[in-house]
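Please look over the sequence and the model shown here. The report below goes through it part by part.

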Amino acid sequence: MDRKLDPSRDDLPLMANTSHILVKHYALDLDVDFESQIMEGSIVLFFESENRCRKRSSSTEETCQSESSEARTVRMPEPCHVPGTSTRTFSSKTGYSDFVICGKGEKDTSGKDGNHDNWEQASGISSSKYCCDTGNHGSEDFVLVLDCCDLSVLKVEEVDVAAVPGIEKFTRSPKLTVVSELRNQIVRELVTLPADRWREQLDYFARCSQAPGCGELLFDTDTWSLQIRKRGAQTATDFPHAVRIRYRTNAQGRSVTWTSDQSGRPCVYTMGSPINNRALFPCQEPPVAMSTWQATVRAAASFVVLMSGEHSAKPTQLQEGCSSWHYYVTMPMPASTFTIAVGSWTEMKPETCSSNDLAAERRSFSPSDADFGCVGVCCHVDYPCRFQNASAAIQEIIPHRVFAPVCLQGACQETLLPLVPLCLSAAHSVLGTHPFSRLDILIVPANFPSLGMASPHIIFLSQSTLIGRSHLCGTRLCHEIAHAWFGLAIGARDWTEEWLSEGFATHLEDVFWAKAQQLAPHEAREQQELRACLRWRRLQDEVRSSPEEMQVLRPNKEKTGFVSDSGSSVIKHGLNPEKVFMQVHYLKGYFLLRFLARRLGDDTYFSFLRKFVHTFHGQLILSQDFLQMLLENIPEEKGLELSVESIFQDWLESSGIPQPLQTERQAGAECGLVRQVGVEVEKWNRVSRRPRKRKRRGTEEVFEKLLPDQLVLLLEHLLEQKTLNPRTLQRLERTYHLPQQDAEAVLTLWDFL
């Protein structure tokens, strides 16, 4: 592109030219080889070009506004083209000088990093002659740009979808004589089939993905992208709409982790890399490129393949001890939500099946037998949506499975399995319809870098959540379940607005967990105030220790959501290694939502939240979409002094502690659970100051039993005072049985030591 990327910067580039052409469906076909630690195979991309995509986007929005009882003034996110320019994004034009035909016999001509360094010899193309435009502004060939790194691309070819038997039903104009136009017309008809034909659509996507190639395409790779063109195709409309890419991953690729599980067996999984999935398959990373997918993955028969698909796949046994697994999704999602985990996982089943689980299974359904269209109007693109199904609306507990290495079976059965139906039911009671039809939960290897990660239909949990009581496991499970609504079903259109995912999940985890425990209202309030106290302390620590520019929740300000004319952009600080350890988006987002809920009252706020979910599920949003709808739906007297602009200024576009939060914390009285911790801190200070030889039974301290969060707060207070001696530490360990406590308390103790 016009601007050279500075490798010293920590911004993450999104290179795909999504304003010109969009991937609507991916079909992956991969082999997993643990000996070489690579995945190899092909991916077929089915496209829709700019003009048709814009037309359908406009039609969807008009239909939504005309049929809904509440036509709104909020800017609706467009699923295709996002106009606007930014000084921090790239120009629409790209000067490409390195093109190559690679793939004769599928020989890999790339170097170690997957980049091609022998393009002139391989293709005979002059670098000065072929400087190509990524758009359709001039006379040069159109260039498709995909996000891609750490991959060895072996071959790129157009797919002859016209050769598929029965495909003629998708040809509207039989008089077309140009074969390439006929192929593109077939794909255009296929990607726009209505939701009630989803099974037929998937079937033909699979058939087309196996069709023969009909001509190799020129391609080149650089650090962050794969560029493809076809000689003579000068516009996105002319460019092939079905393209097959044969490639292999790199053992050191940053999208997946090859490791061993807790039982010492090999495994591989996607671990939420900052670069997302571009080192797993070439794709369009910008969230605006929402697509469906299907994947066939082969591995040795001893392995289980889990993916973020809609159904609970079963293996098909192949020859020579190999199994094949097939997954799919029918809800368009950003490519970053694709997840895979391959290992010797064991399904953990409860010793007895509860009546709740049996009822959930009886109420489960697949899109094939769902009666869609019976609950309201949705504003997203057409897909088999659970929010349009009355049966899904009353399904409190979706079908679920738990997987882990066999050595963790006892811990899973004791701690995790009983919590899953409780947390799913609690989430449904707060937000209503579960966006996804099923859930797998996997206890990932010990090198997993966080406590959890949510993807469609699958949650990864750290083994740390199984330690001690159920508190940490329950709260983390509730957090990841909340992402089904906020982060997945409703996504951020600009990834710098991470608070739209993490802030909501952090706020909702407390609400879900209180309901899962069936706490009385006053008990729930006390527990939530205690957790707010802990988060307030963490936010203060983070603000003191982190760069100011990384404390801002909306760093692009008025440029938020803007991209270059081609659709490319950069994510500020997306590659900054410090960002992995920061919680500012979680904490400031949490306190903003807590502030709004307290201002409105819980009943009003959560009633609005259910309405918001129903309006925006299946779409991408910006902060103003949420805030504008919130302010439009609250009584005037409760919205005094609140405006989108004031919330931006106080909470989202400033570093440090928001002033309204500072005022609230200074004026607020401590809850009973926090006061109890203060009393216990004084007791431990007296014990620590007491001479060792003094043993008078009459003055022996009696310590109260503490909740897990109270214990963490106690240890934090004692750590700050730095008055503890080794003898007191040993007594702390004995009194509270610290090695058996939740991982957070154990880690706090390690800070002492």
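## A buried asparagine

Which backbone nitrogen lies 2.9 Å from a polar atom of the side chain of asparagine 389? The nitrogen belongs to alanine 392. This is a predicted model, so the distance is computed from predicted atoms.

Asparagine 389 sits in the loop between α5 (355-363) and α6 (390-393). Its relative accessible area is 3%. That is under the 20% cut-off, so asparagine 389 counts as buried.

## The chain as a whole

The protein chain has 20 helices and 24 strands. Of its 753 residues, 58% are buried.

## A five-stranded sheet

Five strands form an open sheet. Their order is β17-β18-β19-β21-β20, and the pairing is mixed. The edge strands are β17 (346-348) and β20 (452-455). Each of these two pairs on one side only. On average, neighbouring strands of the sheet are turned by 25° against each other, direction ignored. Helix α9 (residues 471-482) packs on this sheet. The helix touches β19, β20 and β21 (458-461). The direction of α9 makes about 145° with that of β21.

Now go strand by strand. β18 (residues 400-404) and β19 (residues 439-443) run parallel, joined by four bridges. Valine 402 has isoleucine 441 in β19 as its bridge partner. β19 and β21 also run parallel, with four bridges between them. Here aspartate 440 stands opposite isoleucine 458 in β21. β20 and β21 run antiparallel, again with four bridges. In this pair, methionine 453 faces phenylalanine 460 in β21.

## Two faces of one strand

In a regular strand, side chains alternate between the two faces of the sheet. β21 shows two such directions: Ile458 and Phe460 point one way, while Ile459 and Leu461 point the other way. Are these four residues buried or exposed? All are buried.

β21 also takes part in a hairpin with β20. Two residues lie between the strands. Histidine 457 is in the turn and has a positive phi of about 70°.

Most residues other than glycine have a negative phi. Lysine 557 is not a glycine, yet its phi is positive, about 50°. Lysine 557 is found in the loop between α11 (521-545) and β23 (569-571). With a relative accessible area of 36%, lysine 557 is partly exposed.

Histidine 737 also has a positive phi, near 50°. Its place is in the loop between α19 (726-736) and α20 (743-752).

## Two crossing helices

How do α8 and α13 cross? The axes of helix α8 (residues 419-431) and helix α13 (residues 602-616) cross at roughly 95°. They come within 8 Å. Therefore α8 is roughly perpendicular to α13, as the range for that term is 65 to 115 degrees.

Each helix brings named residues to the contact. From α8 come Ser429, Val430 and Leu431. From α13 come Phe606, Leu609 and Arg610.

## Cysteines without disulfides

How many disulfides are counted here? The count comes to zero. Take cysteine 478, which is in no disulfide. The nearest cysteine sulfur is that of cysteine 423, 3.5 Å away.

Cysteine 478 is buried, with a relative accessible area of 0%. Cysteine 208 is buried too, and its relative accessible area is 1%.

## A buried tryptophan

Tryptophan 651 is found in helix α15 (residues 644-652). Its relative accessibility is 1%, so tryptophan 651 counts as buried.

Which residues does tryptophan 651 touch, leaving out those up to four places away in sequence? They are Leu553, Lys588, Phe591, Leu592, Phe595, Pro658, Pro660 and Leu661. Take lysine 588 from that list. Tryptophan 651 and lysine 588 are 63 residues apart in sequence. In space, they are 7.4 Å apart, C-alpha to C-alpha.

Conventions: Residues are numbered from 1 along each chain as its sequence is written. This is a predicted model: local features need pLDDT of at least 70, side-chain atom pairs count only at pLDDT 80 or more; totals for chains, interfaces and linings use all residues. Side-chain values use heavy atoms; hydrogens and water are left out. Two strands pair if DSSP finds at least two bridges between them. Axes are lines fitted to C-alpha atoms, for helices over the stretch in contact, and angles run from 0 to 180 degrees between N-to-C directions. Contact means heavy atoms within 4.5 Å. A disulfide is a pair of cysteine sulfur atoms within 2.5 Å. Buried means under 20% relative accessible area, exposed over 50%, partly exposed in between (1.4 Å probe, protein chains only). A polar contact is a pair of N or O atoms within 3.5 Å; within protein, one must be able to donate a hydrogen and the other to accept it, and residues adjacent in sequence count only if both atoms are side-chain atoms. Angles under 35 degrees count as roughly parallel, over 145 as roughly antiparallel, 65 to 115 as roughly perpendicular and the rest as oblique.
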